[in-house]
Amino acid sequence: MNKYKLNAQKITGIAIVSLMIIFILAGFLNRNSFDTMNKELILKGPSLLHPFGCDEFGRDILKRTQTGMGISIAVSFFSVCIGTFFGTVIGALCGYFGGIIDDILMSIIDVLFAIPSLLLALVFVSLFGSGMVQVTLALGIAIIPSFSKMMRSEFRKQRELEYVKMAKLLNISTARILFVHILPNVMETFVNCVFIAFNNCILAEAGLSFLGIGVQPPLASLGTLLSDAGGYIRSAFYMVSFPAVMLILLLLGIGLISSGESFHHAYSKRFKN
Amino acid sequence: MGKYIIKKLILLIITLLITSFVIFLIFELVPGDPAVDKLGTRATPEAVEALRVKWGLDKPFILRYFQFVTSVFTLDFGVSYTYGISVSNLLKEKMVINLFLSVMSLMIVVVVSFPLGVYVAKHTGGLIDKIMIPLNQTAMSIPSFVLGLLITFLFGMVFKLFRPGGYVSYKADFGGFLYFLIFPAVALAIPKIAMCIRLLRGNILEEADKDYSLTAYARGNNTTGLLYRHVLKNAVMPTITFIGMIAADMICSGIVIEQVFSIPGLGQMLISSISTRDFPVVEAEVLMIALFIMVISFITDVIHAILDPRVRI
């Protein structure tokens, strides 16, 4: 079993992401309220009490950024869980068994793969309505195609190897072969896929919320914050800059974890077959 | 070559059929009757029935699906529920805007990333390479709508190069229209440029390690000749596929970017028709976007086949 290797880039990435998580957790220590409006603080710039300033309703942006990022991460986390589960199962079954079901499923996935995930999520949102749960589901479904495609090519390769044949001879159940024997061997691709999917989810969620069809008020994610701030870009640029910097840092951290040659590796895998 | 193209064309048509079926089915399964939605629950059954006939909802599912598929060729997607005018009229102008936006930003990506990618690969470990790696990683992690906000602030308000929100219609002033689109196009392009440079650099380095490069080097090629005559031809292939994927992605990121720059394009139409549940418009738009993506992937396949004889077999 080859261990998941860490290099300098990944360590930097993990450091940034942990900092972000600490930033979110520090939100619980923040006394300012998330959605109490305050007339006196409307569009007040950064001060000691409100380091990120206040928005058009006098709400503390620091607290809103912390909560919003927490929501962004939570939504993405659950959608990645959904996508990873179904993606891995479909990919594993298709790659391992092959045959006609593989052909049919893969042609459907190829079609879905052709439609970008943001568009797919948009269609789902238009069907089920907008809101946090719907967005989570929509994004989860939207990442299944790319995930299962990558996992399938890995399982296909492993299928031909000696240890799988041996396991089959020893009469080990197929489910065990798939998830206990093969899965650890494709761990590196798996972990990279998870992080790439996580990255895409945060991006797509921010995009959806920015368009106003993601997380609905009174809750807010980073995308909502940015879209609110967009209207005040002339008078209060700090409203854009702080949430934007946090979003970029978060994406940078996750990007670094899934990076190195693995990015190129994961993409080039998409080209084969 | 001809055979390869025909094979790909057939595949394109099959994919189109499946995709359109999925799109049509999804919107068919939505609960609720659009005619009742439009007229309200107090409307008389006769009025609802008349509207259903007018919109063609009384015909069986298969017939309507057939109409939907052929609409790709006839460009007749029926009538918008909200606006009451034909969908193709509604979409025509928007598609021109998005086409220009995507093509423009794709051109920026190609023009910037290819020379830079080759340069960085050739001078691996050099100063520019060392600067480019973290810069690339950062550029990749900035969502394009955040870039759009930053560009609006920087170029629109600090340098006053354009008026934020002052979209110019291409019918009124074509030059002004193109000038305005430069800024969203750049916002769309920057993350993609970073990805392209990285992919190209990785591919060139990978190809340069292979045996044929060593042979070519041993036969007396210098590094420049080796790079341009042998390595680049092979390394550019995955990048072309990637650019095809970028083109598809651009339409999608374009939806968000439109909102930032208040461009009345496909994205705004899509959002508004989704919120008013104007399904003929949504269906037509999603189908057109999917068709666009499929055509792009078809074109990349053909370019591949032209550049690389091995693909044709």
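These questions and answers walk through a predicted model.

Reader: Which helix of chain B gives the most to the side that touches chain A?
Author: The contact takes 41 residues from chain B and 37 residues from chain A. On the side of chain B, several helices each supply at least two residues, among them H1 (2–28), H8 (174–208) and H12 (279–307). The one that gives the most, with 10 residues, is H10(B).

Reader: How many residues of the side of chain B that touches chain A are nonpolar?
Author: Take the charged and polar classes of that side to begin with. Two residues are charged and 10 are polar. The nonpolar residues number 29.

Reader: How far apart do the C-alpha centres of the domains of chain B lie?
Author: The domain assignment of chain B gives domain 1 (2–87) and domain 2 (88–312). Their C-alpha centres lie apart by 32 Å.

Reader: Which helix gives the largest share of the side of domain 1 of chain B that touches domain 2 of chain B?
Author: This contact takes 26 residues from domain 1 of chain B and 22 residues from domain 2 of chain B. On the side of domain 1, H1 and H2 (34–39) of chain B each supply at least two residues. By class, that side has 16 nonpolar, seven polar and three charged residues. The largest share, 11 residues, comes from H1(B).

Reader: Why is H11(B) largely enclosed by the rest of the structure?
Author: Look at what is buried and what covers it. The buried residues of H11(B) include B:Leu266, B:Met269 and B:Ile274. Their cover includes H4 (117–128) of chain A, together with H5 (87–122), H10 and H12 of chain B. H11(B) is largely enclosed because its buried residues are seven of the 10.

Reader: Which residue with a positive phi follows H11(B)?
Author: H11(B) spans 266–275. Past this helix comes a residue with phi near 55°. The residue is B:Arg277.

Reader: What is the angle at which H2(A) and H5(A) pack?
Author: Two packed helices are described by the angle between their axes and the distance between the axes. Here the helices are H2 (residues 61–97) and H5 (residues 132–159) of chain A. Their axes are 5 Å apart, and the angle is about 30°.

Reader: Is the crossing of H2(A) and H5(A) left-handed or right-handed?
Author: The contact of H2(A) with H5(A) has 16 nonpolar, 11 polar and five charged residues. The crossing of these helices is right-handed.

Methods: Residues are numbered from 1 along each chain as its sequence is written. Chains are lettered from A and ligands numbered from 1 in the order in which they are written. This is a predicted model: local features need pLDDT of at least 70, side-chain atom pairs count only at pLDDT 80 or more; totals for chains, interfaces and linings use all residues. Two residues are in contact if their C-beta atoms, placed from the backbone, lie within 7 Å. Helices (H or I, at least four residues) and strands (E, at least two) are DSSP runs, numbered from the N terminus. Ala, Val, Leu, Ile, Met, Phe, Trp, Tyr, Cys and Pro count as nonpolar, Asp, Glu, Lys and Arg as charged, and the others, Gly among them, as polar. Domain bounds come from an automatic or database domain assignment. A residue is buried if 20 or more other C-beta atoms lie within 10 Å of its own, exposed if 12 or fewer, and partly exposed in between; C-beta atoms are placed from the backbone. Axes are lines fitted to C-alpha atoms, for helices over the stretch in contact, and angles run from 0 to 180 degrees between N-to-C directions. A crossing is left-handed if the near helix is turned anticlockwise from the far one by less than a right angle, and right-handed if clockwise.
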